There are 2 protein chains.
Amino acid sequence: MTERKLDLITTMTALVENKRYATLRDILVTMNAADIAVLFSELEQEVLPLLFRLLPKELAAETFVEMDSDAQEMLILGFSDSELKEVIDELYIDDAVDLVEEMPANVVKRILKQADPDTRKQINELLKYPEDSAGSIMTTEFVELRPHFTVADAIKSIRRSGIDKETINTCYVTQPDRKLCGQLSIRAIILAEEDDMVSDIMEQNVIFVSTLDDQETVAQRLQKYDLLSVPVVDGEGRLVGIVTIDDAVDVLQEEATEDIEKMAAITPSDRPYLKTSVLSIYLHRIPWLLLLMISATFTGIIIMRFEAALAAQVTLTAFIPMLMDTGGNSGSQSSVTVIRGLALQEIRFRDILKVIFKELRVSLLCGLTLAVANFLKLLFLDKVGTQIAAVVCLTLVITVIVAKLIGCTLPMLAKKIGFDPAVMASPFITTLVDAISLLTYFQVATLLLGI
Amino acid sequence: MTERKLDLITTMTALVENKRYATLRDILVTMNAADIAVLFSELEQEVLPLLFRLLPKELAAETFVEMDSDAQEMLILGFSDSELKEVIDELYIDDAVDLVEEMPANVVKRILKQADPDTRKQINELLKYPEDSAGSIMTTEFVELRPHFTVADAIKSIRRSGIDKETINTCYVTQPDRKLCGQLSIRAIILAEEDDMVSDIMEQNVIFVSTLDDQETVAQRLQKYDLLSVPVVDGEGRLVGIVTIDDAVDVLQEEATEDIEKMAAITPSDRPYLKTSVLSIYLHRIPWLLLLMISATFTGIIIMRFEAALAAQVTLTAFIPMLMDTGGNSGSQSSVTVIRGLALQEIRFRDILKVIFKELRVSLLCGLTLAVANFLKLLFLDKVGTQIAAVVCLTLVITVIVAKLIGCTLPMLAKKIGFDPAVMASPFITTLVDAISLLTYFQVATLLLGI
């Protein structure tokens with residue numbers, strides 16, 4: 001696969017050098033927009049405007065959408081006004097809005113100037129919706145039918161307007177005041193008789209979202225109900241747009257990435273890693289590292305308080321890392337499971353007692369298994385003596401139980417009070433569990449060893 | 001929302017008790033299959049067969065698919081043979097296969113007995129594909145057209161067969177030997193003239209997958225090319241099925257969950273948390289905890305080797321947790337970023353040098369920032385003296401750099417040699433980084449403090 005792509009790059013570069021534009025065009029038109037965009041990202045930047053001009057209008061617009069924002073900006077800077085206008089006219093409104101959001105101010109000005117007045121108005125309307133809301137990701141290009149249409153009218157209307165719409169697979173039925181009153185799949189239209197009334201064959205029980213709903217809610221609704229698109233209504237129930245499944249898939253992937261980043265103590269970024277500057281990566285990571293470093297010093301304070309005890313029994317120090325690591329791992333197993341369950345809506349706040357009871361039993365089993373294994377190792381391999389082995393293993397059981405209970409409870413409480421549960425994941429819980437396990441360790445040691 | 005649902009449950013229960021079946025039916029038919037399934041999961045198990053019988057055939061099948069496997073099993077046990085047959089006849093083949101895979105052997109036997117011979121044959125064919133392959137998640141119900149059809153023929157063919165197909169949004173064009181030669185969206189059909197030939201208006205450059213491709217590849221291809229369905233071909237290029245976007249979305253979510261679980265040192269499970277038994281959760285977690293506990297004892301061994309040094313300078317012990325935690329957090333920031341980048345195909349193996357160089361610069365910035373902050377704290381708050389502060393901060397810089405380099409390199413190497421990069425995430429890297437940071441710590445201490 002990689003080899004084949006490299007060959008293609010060499011071929012294309014040679015063809016450009018030899019000015020074989022007809023051949024280049026013949027190769028490009030057999031390719032898919034997403035693949036052309038990948039290919040373009042591998043080629044020298046200077047040849048892009050030239051190659052781009054070889055593409056037929058529609059394929060050019062599709063390719064443009066698939067490219068990353070740096071390449072888009074570079075291309076726009078090379079476009080003449082009429083070329084820019086052509087591309088913008090071909091874009092779906094939601095893609096045009098994404099583009100405007102990514103570009104620097106001077107490029108945005110040029111884009112809006114070249115867009116036709118109606119498109120410009122729609123772009124500006126959509127830009128007003130809050131970031132990551134349904135309104136900000138919807139498209140205003142959908143097929144709208146009226147209840148009194150016959151199926152023949154509907155097909156005529158689709159044939160007239162459908163070519164410019166993002167999808168015709170689901171058509172939406174509205175009253176004259178634009179209030180959404182039903183939906184009709186293209187399948188139902190094809191299977192119906194020509195003189196059936198839209199109002200008779202439409203589904204009235206329509207799943208919809210509101211303009212201000214979070215994009216994650218929108219994507220989850222599309223997933224839950226297996227929809228290809230979902231209508232977006234404003235405060236008065238008027239249909240103002242639709243969100244299609246391809247955009248919802250991207251949202252779900254983006255949200256999963258964000259959760260993963262938060263769990264690893266990184267402020268999420270929506271740029272791909274290789275396109276992000278070193279400074280930006282640094283700024284997304286360092287606040288968390290500082291915060292966690294400072295909170296980790298609490299464990300240092302605990303150790304200092306027991307300096308005398310440790311000096312008397314230095315062997316105890318050797319088990320601190322194992323106890324801390326096992327506590328951290330046990331806690332993050334629970335927290336990550338619960339955080340993902342919350343994100344997928346498999347776990348809700350009202351399940352908190354069920355979750356705690358389940359984690360309690362799991363942690364008992366895990367804690368005892370680990371303690372037994374460790375006890376045998378301490379006695380027969382490390383030969384530390386029964387007393388120290390007992391101190392370590394008792395601490396281990398308590399640590400695992402505490403870690404798992406904190407790990408499952410904190411994310412659920414965070415969610416309840418409106419915080420992001422993913423931020424509560426491993427690093428915070430680790431710090432907390434570290435402190436508790438050390439306190440337990442020294443407490444148990446003081447009791448059993450009398451130091 | 002929750003309140004409304006609770007009300008509905010009370011109402012439904014009261015209606016069942018008063019035998020108001022007509023009213024119950026009237027309520028149920030206004031609802032969506034996914035919502036009915038949620039409602040059913042909240043009701044007493046005994047009333048389910050009764051309520052289920054009130055649903056119209058198609059809605060009943062849709063609801064059945066949305067229910068979890070325990071409830072499905074319970075319902076099937078309560079079904080008469082003819083009821084079971086009715087439900088199976090309404091299921092899409094891919095859903096029937098999922099059902100057969102989830103049920104215990106005796107139930108599977110009953111299901112296959114009630115399925116009509118053609119369905120049974122198709123189920124058995126699909127069961128032969130390896131788990132998580134394209135073949136195992138595809139459906140065999142798609143619309144197939146021939147190149148010599150006119151658009152009028154195509155519409156007639158869709159009207160005849162479309163009602164039983166999972167999707168008609170994209171139709172596939174095959175030669176008489178079933179070799180895939182093109183695809184035609186329903187949009188193109190609607191917009192075309194009645195006497196246009198399918199071969200003239202079809203797209204010939206079809207994105208497809210093979211039966212043995214991994215389900216993640218299939219889902220990524222649907223996402224990359226913004227498809228609603230992708231055709232699946234066998235070794236000879238014959239069209240044998242399609243995978244629709246709704247199933248791909250579920251696969252992407254499932255794969256993200258698996259990666260998250262692996263990163264947190266849990267063996268992935270595909271059952272929702274609340275439906276998983278305590279024993280099963282325990283078994284998915286304990287092997288990793290044991291393994292990591294054993295590897296954490298290496299850090300213990302390192303500490304024991306330096307027991308004498310620590311006894312002389314007990315203060316050094318107080319900073320062990322902070323150094324270990326910061327190393328762990330730094331490493332998992334890098335590993336998690338790279339693992340997710342690999343999963344989303346934003347990072348490839350050939351980028352390894354770029355990634356290492358980027359992480360090197362980020363880690364230098366992070367390490368120096370943390371060291372400066374920590375140095376000031378050590379001098380002015382903890383008042384430990386310049387020498388110890390220097391030992392701690394020098395170790396900190398080295399630890400952060402090593403942690404980030406290991407964190408970004410290990411997952412990429414793992415992927416290269418065919419291991420799962422997600423398994424390489426935080427816990428393993430933490431153990432490795434712990435050992436390295438302790439060795440560095442004692443080495444630096446020996447040099448600077450002369451102990």
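Predicted model: local features only at pLDDT ≥ 70, side-chain atom pairs only at ≥ 80, totals over all residues.
1. Ground rules for the strands: helices (H or I, at least four residues) and strands (E, at least two) are DSSP runs, numbered from the N terminus, and two strands pair if DSSP finds at least two bridges between them. With that in hand, B:Val209 stands opposite B:Val232 in β5(B).

2. Before going further, some housekeeping. Residues are numbered from 1 along each chain as its sequence is written, chains are lettered from A and ligands numbered from 1 in the order in which they are written, and side-chain values use heavy atoms, with hydrogens and water left out.

3. Back to the sheet. In chain B, three strands make an open sheet with mixed pairing, in the order β4-β5-β6. Its edge strands are β4 (209-210) and β6 (239-244), each pairing on one side only. Strand β4(B) runs parallel to β5 (residues 229-233) of chain B, and two bridges join them. As a reminder, strands of a sheet pair through backbone hydrogen bonds, either parallel or antiparallel.

4. Now the interface. Chains B and A bury about 10,200 Å² between them, 65% of it on carbon and sulfur atoms; buried area here is the accessible area (1.4 Å probe) that two parts lose on being put together, summed over both. Each side has its share of the contact (heavy atoms within 4.5 Å): 112 residues from chain B and 112 residues from chain A.

5. On the polar side of that interface, the rule finds 36 residue pairs in polar contact, both at pLDDT 80 or more. A polar contact is a pair of N or O atoms within 3.5 Å; within protein, one must be able to donate a hydrogen and the other to accept it, and residues adjacent in sequence count only if both atoms are side-chain atoms. Helix α17 (residues 278-305) of chain B gives the most to the side of chain B that touches chain A, with 16 residues.

6. Salt bridges next (a side-chain nitrogen of Lys or Arg within 4 Å of a carboxyl oxygen of Asp or Glu). One pairs the side chains of B:Glu193 and A:Arg159, at 3.4 Å from N to O.

7. The pair I'd look at on screen is A:Arg285 with B:Glu359, a salt bridge at 2.9 Å, N to O. It crosses between chains, from helix α17 (residues 278-305) of chain A to helix α21 of chain B. Buried or exposed? A:Arg285 is buried at 1% relative accessibility, and B:Glu359 is buried at 0%; buried means under 20% relative accessible area, exposed over 50%, partly exposed in between (1.4 Å probe, protein chains only).

8. For pairs within a chain, B:Lys85 and B:Asp89 meet at 3.8 Å, N to O. They sit four residues apart in helix α7 (residues 81-90) of chain B, so about one helical turn separates them. B:Lys85 is partly exposed at 32%, and B:Asp89 is partly exposed at 41%.

9. Last, a loop residue: B:Asp351 lies between α20 (320-343) and α21 (352-382) of chain B. B:Asp351 counts as buried, at 8% relative accessibility. Leaving out residues up to four places away in sequence, B:Asp351 touches A:Leu274, B:Glu346 and B:Met412.
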